[in-house]
Amino acid sequence: MDPRSTAITETLGAEGLRWFRAPGRVNLIGDHTDYHDGFVLPLAVDRDCVVAAHPRDDGRVTVHSVELEGAVDVAADGADMPAAVEPAWGRYVAGVMRALADAGRAPAGLDAALSSTVPVGSGLSSSAALEVAIALALTDAAGFELPAPELAQACQRGEHLATGVPSGVMDQLVALLGRADHALLIDCRTLAAEPITLPDALAVLVVHSGLPRTLARSAYADRRADGERVAAGLGVAALRDASLDAVRDEPRARHVVTENERVLQFADALRAGDSAALGSLMLASHASLRDDYAVSTPELDLAVDLLVGHGAVGARLTGAGFGGCVVALVPRAQVRAVASKTVTRYRAETGLDAGAFEVHAVDGAGRLTAPVGT
């Protein structure tokens, strides 16, 4: 049995457990576009959050974590104020529970335990993996169902309640809808998702900068407000609807408009197997995030440069920025060499404890028929 399953059953006992999982994600291109009704192109990755649970009848929900300290104990009707829950990771549980209660979930209690292999603060969406896995356990316990787009939106609202950060819906949606061996072209206005096959010849390599990313202490909300101000001034519903000519002198908005176009071009390049186009679009995206949106760091910039210098087709920061990870597409035969050379040089220049790992596209969240590893 997987060590995570062993730890969970030691906490809850094995009798009557129902198991659920939700993956993290890496975004190949299209950051800070989702909350402007734009386009994104992420994939669900083989790092996940696993939750096991059994029902209880006293109107309480308790959640333990294998990796994190403390335990959550909150009302099953979502009455607890999410932002006030301790330990801090439990705020995501309380936020999702409040959002599901508002959507009509009955106050069914449960005992649960979770374990996650998604690195916290990496920009690979550990929070959404937790939210979606918990949401599956909560809806199952109450016999309550929501279509995937609505469940993603409930989890998104749960994160807003937990953190106060006005994040978009990409992370929760790809956690639910991910497809093995595919990226998803997501229209964040309609929530439509089109799977696009990833090329066999290219590996997806992630490099962690060694700088944790905490959105609640970043300028994330300021960036969103900047874009919404421009959209309002133009009289459009969202920057998705703005033309490049209309935003040429507004760097934040210019990033969103040009990034949306890059996402669509990237999808075309994936379909055509055009590696050169994929690489140039990733580099253009990173430059825009660095220069127009101002969410990169010198360390992320260095990681991108080193990856490309050592043989990656293209690279860019992934996620919200302000730290976290860089994603690269690398010829599969060279992925180990590129990872090793990049990390060695990066550590020497920054003194930071970076790490690199290949990720693979996996299916989205769901119930497991048996504990992990069995």
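## Sheet and covering helix

The model described here is predicted.

Strands of a sheet pair through backbone hydrogen bonds, in either a parallel or an antiparallel sense.

## The β3–β4 hairpin

Strands β3 (residues 60–65) and β4 (residues 71–75) also pair in the antiparallel sense, here over five bridges. R60 faces A75 of β4 across the pairing. Five residues lie between the two strands of this hairpin, and G70 has a positive phi near 85°.

## Helices α4 and α5

The axes of α4 (residues 148–163) and α5 (residues 170–177) come within 8 Å of each other and cross at roughly 140°. An angle over 145° would count as roughly antiparallel, so α4 is oblique to α5. The crossing of α4 with α5 is right-handed.

On the α4 side, the contact is made by A148, P149, L151, A152, C155, Q156 and E159; on the α5 side, by Q172, L173, L176 and L177. Sorted by class, these are eight nonpolar, two polar and one charged residues.

## Helices α8 and α9

For α8 (residues 251–272) and α9 (residues 275–291), the axes come within 9 Å and cross at roughly 165°. That angle makes α8 roughly antiparallel to α9. The crossing of α8 and α9 is left-handed.

From α8, the residues in contact are H255, T258, E259, R262, Q265, F266, A269 and L270; they meet A277, L278, L281, M282, A284, S285, S288 and L289 of α9. This contact has nine nonpolar, five polar and two charged residues.

## Salt bridges

Side chains of opposite charge can pair when their charged atoms come close. Across the whole structure, a search finds 27 salt bridges. One of them joins the side chains of D102 and R157, at 2.7 Å from N to O. This pair links distant parts of the chain: D102 is in α2 (residues 90–103) and R157 is in α4, 55 residues apart.

## Backbone exceptions in loops

Most peptide bonds are trans, and most residues other than glycine have a negative phi. The bond between E86 and P87 is a cis peptide bond, with omega about -5°. P87 is in the loop between β4 and α2.

S125, a residue other than glycine, has a positive phi near 70°. S125 is in the loop that runs between β5 (109–116) and α3 (126–142).

Definitions and conventions: Residues are numbered from 1 along each chain as its sequence is written. This is a predicted model: local features need pLDDT of at least 70, side-chain atom pairs count only at pLDDT 80 or more; totals for chains, interfaces and linings use all residues. Side-chain values use heavy atoms; hydrogens and water are left out. Axes are lines fitted to C-alpha atoms, for helices over the stretch in contact, and angles run from 0 to 180 degrees between N-to-C directions. Helices (H or I, at least four residues) and strands (E, at least two) are DSSP runs, numbered from the N terminus. Angles under 35 degrees count as roughly parallel, over 145 as roughly antiparallel, 65 to 115 as roughly perpendicular and the rest as oblique. A crossing is left-handed if the near helix is turned anticlockwise from the far one by less than a right angle, and right-handed if clockwise. Contact means heavy atoms within 4.5 Å. Ala, Val, Leu, Ile, Met, Phe, Trp, Tyr, Cys and Pro count as nonpolar, Asp, Glu, Lys and Arg as charged, and the others, Gly among them, as polar. Two strands pair if DSSP finds at least two bridges between them. A salt bridge is a side-chain nitrogen of Lys or Arg within 4 Å of a carboxyl oxygen of Asp or Glu.
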